[in-house]
Amino acid sequence: MAEVEETIKRIQSQKGVQGIIIVNAEGIPIKSTLDNSSTVQYAGNVHQLLLKARGMVRDIDPQNDLTFLRVRSKKNEIMIAPDKDYFLIVIQNPTE
Amino acid sequence: APTQLRSWHFSKMEIVYVYTKKRSEFGRQCNFSDRPAELHVDILPDISLAANFTVRDPCNVTVQCAEEMSEHEVNTERFESESRGINHVEGGWPKDLNPEDMEVTIRYRKKVEKDEHYQNTIMQIAGLMEHCCKQNNATDIYQEFFEEEDDEVVEESEEQPSAKTINVFRDPNEVKRTATSLCWHPDGNHKLAVAYSSLEFQRAPNDMSFDSYIWDIENPNKPEMTLKPVSPLVCLEYNPKDSHILVGGSYNGQIAYWDTRKGSQPAEMSTIEHSHRDPVYKVIWLQSKTGTDIFSASTDGQVLWWDIRKMSEPFERLVLDPSKKGNLDNALGAVSLEFETTMPTKFMVGTEQGLVVSCNRKAKTPAEKIVCTYSGHHGPIYALQRNPFFPKNFLTVADWTARIWSEDIKESSIMWTKYHMAHLLDGCWSPVRPSVFFTVKMDGTLDVWDILFKQNDPTLSLKVCDEALCSIRVQDNGRFLGCGSQLGTTTLLEVSAGLCTLQKNEKAMVSEMFERETKREKILEARHREMRLKERSRSEQSREDEGKEADGEESTEELVARAEREFFDIMEAEKKKEWNEERQREKEKGVCEEKDFQEEHETNGVSSFTRREISL
């Protein structure tokens with residue numbers, strides 16, 4: 001468990017990282033560095049996006065699978081690392 | 001027995017055929033034989049039955065040569081749908097868990113965190129995530145390379161800076177005079193007013209014409225208009241607000257103004273008693289409500305302000321006395337003026353003595369009018385102009401150099417060109433590019449400087465004519481410039497596009513450069529001040545020790561005597577030092593190498609003489 005903590009801290013200390021959220025398959029945020037309302041918002045929206053993205057990838061090529069999802073917006077970048085049971089969301093402000 | 005035949009009975013409609021066979025013949029092989037056809041039944045039509053039917057006539061029969069298809073309808077069960085939004089409040093907590101209860105949720109979360117599967121998963125995806133985060137920080141993948149570079153810009157920067165002559169306007173008179181000043185027409189730049197005079201003291205031939213001309217740049221053969229002053233004009237300026245009015249400063253110190261609609265004679269002239277006593281070197285239009293105010297400067301040490309409607313006397317007068325006492329004998333002669341309409345209370349005067357005087361018009365007393373001076377040049381300041389983009393920095397052209405100054409640094413210019421082989425006689429900034437300025441020299445060359453490109457040498461150097469170039473003026477578009485020569489030839493040149501188009505980041509870079517140089521000079525100034533202060537305190541200390549008068553202002557003779565004494569003292573001390581050093585050297589030599597004594601005696605007369613003394 002300490003390893004997980006350490007890893008999360010390491011990511012948090014990267015330049016530009018604004019927040020980290022770990023969500024389980026049911027949409028329950030397990031760990032978050034943001035406030036509750038933002039966390040829940042991110043968790044819900046990202047979950048749906050993940051399903052769609054994964055579906056799309058597998059639709060085009062059934063042998064393929066989604067490994068990582070990056071959403072770049074004007075203000076920041078939302079990175080999502082999906083897995084069967086959990087997914088990790090990181091919001092980062094990329095270097096200028 | 002033979003087979004029996006029964007006869008048919010219609011009423012029963014029963015058709016029966018009896019076939020008998022002997023028992024003993026059962027199982028016997030068939031013995032087929034042919035027999036002619038026998039009519040067994042013949043049912044004839046019964047007409048009475050026809051009464052039950054009617055004849056259909058016509059009969060409709062449809063025929064189609066097409067694919068046969070069938071249509072079916074199905075009615076399914078109704079399906080109701082509705083559009084709804086979800087307000088995602090809380091994740092999918094298990095049924096038995098109350099999401100509102102903090103403790104329970106925390107406990108649940110903690111449970112999940114302890115789960116090994118969770119840890120493994122997170123470690124895996126976190127590694128991937130970290131890689132991407134670092135990637136983001138390493139490079140900006142959406143970085144714009146070569147942004148804002150259109151093809152045009154690339155082409156232009158590759159082009160060599162150049163300038164070409166468009167037209168040459170020669171002085172139509174036999175006796176050539178110097179084109180001392182040029183001024184472009186304020187609207188449209190199609191006309192150029194040139195002032196002609198001879199600045200060589202008392203060397204102007206008697207039949208020299210006094211006229212100055214306004215040229216149309218398309219027609220170099222004949223001037224468009226002649227201006228006939230009573231004394232040759234040294235400087236000439238169009239009124240920026242009214243392009244029909246020109247004002248000229250003449251050789252005899254008078255100011256005159258022309259209205260081009262009214263002819264070649266001056267509309268009005270200043271009275272001789274109140275004019276300058278020396279040639280008027282520069283006259284500039286001021287920013288005023290009436291648009292009729294000008295001020296003029298001359299080597300007689302005065303700066304005068306006039307209203308052209310009332311030329312009988314100036315409405316203001318300033319004597320350029322650096323001691324601020326208004327003493328005309330002490331005054332510095334003015335050869336150039338600088339005025340920026342964006343800073344109407346300030347103006348600067350370039351003097352014959354090489355000083356630039358900064359003045360404030362709105363000062364209460366005449367003494368306060370002179371704010372400060374800038375020293376650094378060795379000769380008359382022929383040109384003085386503020387940078388149109390950075391008014392705190394100004395350009396001066398004098399002696400063999402051109403210098404760029406910062407208003408804040410009074411002891412030295414912040415940037416300067418090298419000392420040239422010929423005198424620089426005039427110069428000006430480009431109105432469109434803050435880093436470009438032009439200078440003209442006595443050997444007839446025009447130099448175009450671009451301080452962002454090269455600071456040591458001009459970016460472009462052109463030989464315009466063989467005689468000295470005395471004046472230069474750039475048009476407002478920065479593209480065309482006119483330069484006047486000693487023999488009255490005015491050349492119109494066009495510079496290449498690169499020299500008159502603002503480059504990207506130019507303003508920022510020039511600003512940085514000026515700031516950097518200003519800072520450097522500030523540091524040097526501070527250092528000098530420190531050193532001077534130390535010197536002064538040290539000399540004061542020594543003076544007190546010697547018991548001399550504390551506030552004694554030594555006269556020049558005493559100073560000279562003291563200087564001489566000090567000089568000889570220093571000489572004596574040096575000589576003694578050398579002498580002692582040599583004795584020391586000889587002593588050491590004498591101890592070790594007495595054999596060489598004889599040899600040295602031949603070669604080194606003095607030292608051997610000395611040595612002999614010692615040994616004796």
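The model is predicted, so to speak with care: local features need pLDDT of at least 70, side-chain atom pairs count only at pLDDT 80 or more, and totals for chains, interfaces and linings use all residues. Residues are numbered from 1 along each chain as its sequence is written, chains are lettered from A and ligands numbered from 1 in the order in which they are written, and side-chain values use heavy atoms, without hydrogens and water.

**Stop 1: the sheet.** Select β22 to β25 of chain B, an open sheet of four strands in the order β22-β23-β24-β25 with antiparallel pairing. Strands here are DSSP runs of E with at least two residues, and helices are runs of H or I with at least four; two strands pair if DSSP finds at least two bridges between them. β22 (424–429) and β25 (460–463) of chain B each have a single partner strand, so one side of each lacks a neighbour in the sheet. Now pick β24 (445–450) of chain B, which pairs with β25(B) over four bridges. B:Thr445 is opposite B:Lys463 there.

**Stop 2: the helix.** Move to α2 (116–138) of chain B. Its 23 residues should span 33 Å at 1.5 Å a residue, and its end C-alpha atoms are 33 Å apart, in agreement; the expected span is 1.5 Å times one less than the number of residues. Among the residues buried in α2(B) are B:Tyr118, B:Ile125 and B:Cys133 (buried is under 20% relative accessible area, exposed over 50%, partly exposed in between, with a 1.4 Å probe and protein chains only).

**Stop 3: the exposed residue.** Finish at B:Ile15, in the segment before α1 (102–114) of chain B. Is B:Ile15 buried or exposed? B:Ile15 counts as exposed, at 55% relative accessibility.
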